[in-house]
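Subject: Handover of a structure and findings

Dear colleague,

Please find below the structure that I am handing over to you. My findings follow directly after it.

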Amino acid sequence: IIYITMSINYILIILSLIVTETTALYFIQRAVKQHWRKNFILGILIYIFVPIFYFFLLKIGGDVGLGNLVFNTGSNISVLLMGYLFFSQKLTLTQFLGLATIILGTVIIKI
C-alpha cells in the first residue's frame, strides 16, 4: 500500500510540474503578442512553483535523473500541444519525429 501511495504521489507531482510549467510558458508566450507586462509577470510567478513541486518530488524519494527525465518529456509534449492548439504553431514532421524519439527514449530508460 505504501508503494502504491508513493507511486500515486509521484504521478501527481509529475503532473503538477508539467501543468505548472506549461501554464507558465503559455502566459510568457502570450506576453509576446499582448499585454506583455501582465502576462510575463504572471508567467514568472507561476514558474516559481516548478522548483517547489520538484522539491516535493525529491522529498518523496523520486530519483533526480529519472524524475527530471519524465517531467521534461511530459513538458515537451504538453508545450508542443499548447503551441499547436492555442497559438496556431505548426508541428513539423521533424518535430514530431523528435518528440517520438524523446518518448521512446524515456520509455527505454524507465524500463
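In this predicted model, the axes of helix α3, which covers residues 49-59, and helix α4, which covers residues 64-86, come within 10 Å and cross at roughly 135°. The two helices, α3 and α4, are therefore oblique to each other. The crossing in which α3 passes α4 is right-handed. On the α3 side, the residues in contact are Val50, Tyr54, Leu57 and Leu58, and they meet Val64, Gly67, Asn68 and Phe71 of α4. Sorted by class, this contact of α3 with α4 comprises six nonpolar residues, two polar residues and no charged residues.

From α4, the residues Leu66, Leu69, Val70, Thr73, Asn76, Ile77 and Leu80 take part, meeting Leu99, Ile102, Ile103, Thr106, Ile109 and Lys110 of α5. By class, the contact of α4 with α5 holds nine nonpolar residues, three polar residues and one charged residue.

Two loop residues also deserve a mention. Most residues other than glycine have a negative phi. Histidine 35, however, has a positive phi, near 40°. This histidine 35 is found in the loop between α1 and α2. With a relative accessible area of 53%, histidine 35 is exposed, because the cut-off for that class is over 50%.

The other residue is serine 88, whose phi is likewise positive, near 55°. Serine 88 lies in the loop between α4 and α5. Its relative accessibility is 59%, so serine 88 counts as exposed.

Finally, how confident is the prediction, and where is confidence lowest and highest? Averaged over the chain, the pLDDT is 88, and 93% of the residues score at least 70. Confidence is lowest in helix α1, residues 2-33, where the mean is 86. It is highest in helix α2, residues 36-47, at 95.

With kind regards

Conventions. Residues numbered from 1 in each chain as written. Predicted model: local features only at pLDDT ≥ 70, side-chain atom pairs only at ≥ 80, totals over all residues. Heavy atoms only, no water. pLDDT = per-residue confidence, 0-100. Helix = DSSP H or I, 4+ residues; strand = E, 2+ residues; numbered from the N terminus. Axes fitted to C-alpha atoms, helices over the stretch in contact; angles between N-to-C directions. Parallel < 35°, antiparallel > 145°, perpendicular 65-115°, else oblique. Left-handed = near helix turned anticlockwise from the far one by under 90°. Contact = heavy atoms within 4.5 Å. Nonpolar A, V, L, I, M, F, W, Y, C, P; charged D, E, K, R; others polar. Buried < 20%, exposed > 50% of the residue type's maximum accessible area, 1.4 Å probe, protein only.
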